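I opened my notebook to look up a few things in this structure, one at a time.

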Amino acid sequence: MNIRTVRIALLASAALTGTVLTGCGTVGEVVEKAAKLPTPAESLLAAVPHDKTPIFRYAVRGTAMPQRGVLDIAGGIASVEYSEKIADAGGIRLTTKAVLTADRSWVKIAFTDVPDGVDLPKFPKKWMELDRTRLSPEIAEDVTYRGETDPGFVSTLVEASAGLAETSPGHFAGTTDLSRSMEAEIIDEKQLAALGDAAKSAPFEATVDDQGRLRTAAVTIRLKKTVTYRVTYDRYGEAAAPRIPSNVIAAPDVVYETVAG
């Protein structure tokens, strides 16, 4: 699953508009310990959620479609919610909720703030279970949760970083090359072209908590209007686990027709 892109939501939207070294020991021991100290990038990569990370909550903002949700990696289930105000469609808001496992997918899709006279697809208000055999392989994969751990693509940003330093305990700063992070869909090709060389050195900051787990990551994107892409991971081991929805209906034809474009 690519949590960053639940295509049902995107296609529904399209339908509207078409460290410090301390301690003691011999010189040799000190040198050996210094050689083993992780770099700031290594420290951040180790802080990013992985397959042993307990359940946690996440939020991603600063994109065309902000999202939030919960990942229960061990439980094999994820929840995600997208909300987008579509300026090109008169400010209509599209909200999509999904609960995903390796085998099953449920969604809710709703339009709000719809002006009078605007004709939109009508979706049931109940949770709808998708029949993945009616979806293209690409879309079916997008609504499948296979234990992905980093919905904000922070590891990708760190791997594309330069000059990363720990400016204070648990706080890191440097730059990241957005042209190497296009899979994260932080910017599109048009924005990449507009940024030019600045895309290769976008300001990047991150924080970790007192247990060495990623807390926040942010990229400053200086387009005509400065945008901050921000990822938050929190509630480690404490977030409420996603539940398989009850009172479910089979997704009607309109859902598949919308996805088919």
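**Entry 1: the sheet.** I began with the open sheet of twelve strands, which has mixed pairing and the order β7-β8-β9-β10-β11-β1-β2-β3-β4-β5-β6-β12. Its edge strands are β7 (161-168) and β12 (249-250), and each of them pairs on one side only. Two strands pair if DSSP finds at least two bridges between them.

This is a predicted model, where local features need pLDDT of at least 70 and side-chain atom pairs count only at pLDDT 80 or more, while totals for chains, interfaces and linings use all residues. Residues are numbered from 1 along each chain as its sequence is written, and side-chain values use heavy atoms, with hydrogens and water left out.

**Entry 2: strand neighbours.** Five bridges join β7 to strand β8 (residues 171-176), and the two run antiparallel. Ala162 stands opposite Thr175 in β8.

Then I moved to β4 (residues 92-101), which pairs with β5 in the antiparallel sense over eight bridges. These two form a hairpin with three residues between them. I found Leu100 with its bridge partner Ser105 in β5. On to β6: two bridges join β5 to β6, again antiparallel. Here Trp106 has Glu129 in β6 as its bridge partner. A reminder to myself: in a regular strand the side chains alternate between the two faces of the sheet.

**Entry 3: aromatic rings.** How many aromatic pairs does the structure hold? I found three. Rings of Phe, Tyr and Trp (its six-membered ring) pair if their centres lie within 6.5 Å; planes under 30 degrees apart count as stacked, over 60 as edge-to-face and the rest as tilted. Phe111 and Phe123 form a tilted pair, with 5.9 Å centre to centre and 40° between the planes. This pair links distant parts of the chain, twelve residues apart: Phe111 is in strand β5 (residues 105-112), and Phe123 is in the loop between β5 and β6 (128-129).

The cut-offs I wrote down are under 20% relative accessible area for buried, over 50% for exposed, and partly exposed in between (1.4 Å probe, protein chains only). I also found one aromatic cluster formed by Phe56, Tyr233 and Tyr236.

**Entry 4: two polar spots.** I looked up Thr207, which sits in strand β9 (residues 202-208). Thr207 is buried because its relative accessible area is 16%. Its side chain makes a polar contact with the side chain of Thr216 at 2.6 Å. A polar contact is a pair of N or O atoms within 3.5 Å; within protein, one must be able to donate a hydrogen and the other to accept it, and residues adjacent in sequence count only if both atoms are side-chain atoms.

My last stop was Glu42 in helix α3 (residues 40-47). Glu42 counts as partly exposed because its relative accessibility is 45%. The side chain of Glu42 reaches the backbone nitrogen of Thr39 at 2.9 Å. I also noted that Glu42 and Val158 are 116 residues apart in sequence and 8.7 Å apart in space, C-alpha to C-alpha.

Terms used. Helices (H or I, at least four residues) and strands (E, at least two) are DSSP runs, numbered from the N terminus.
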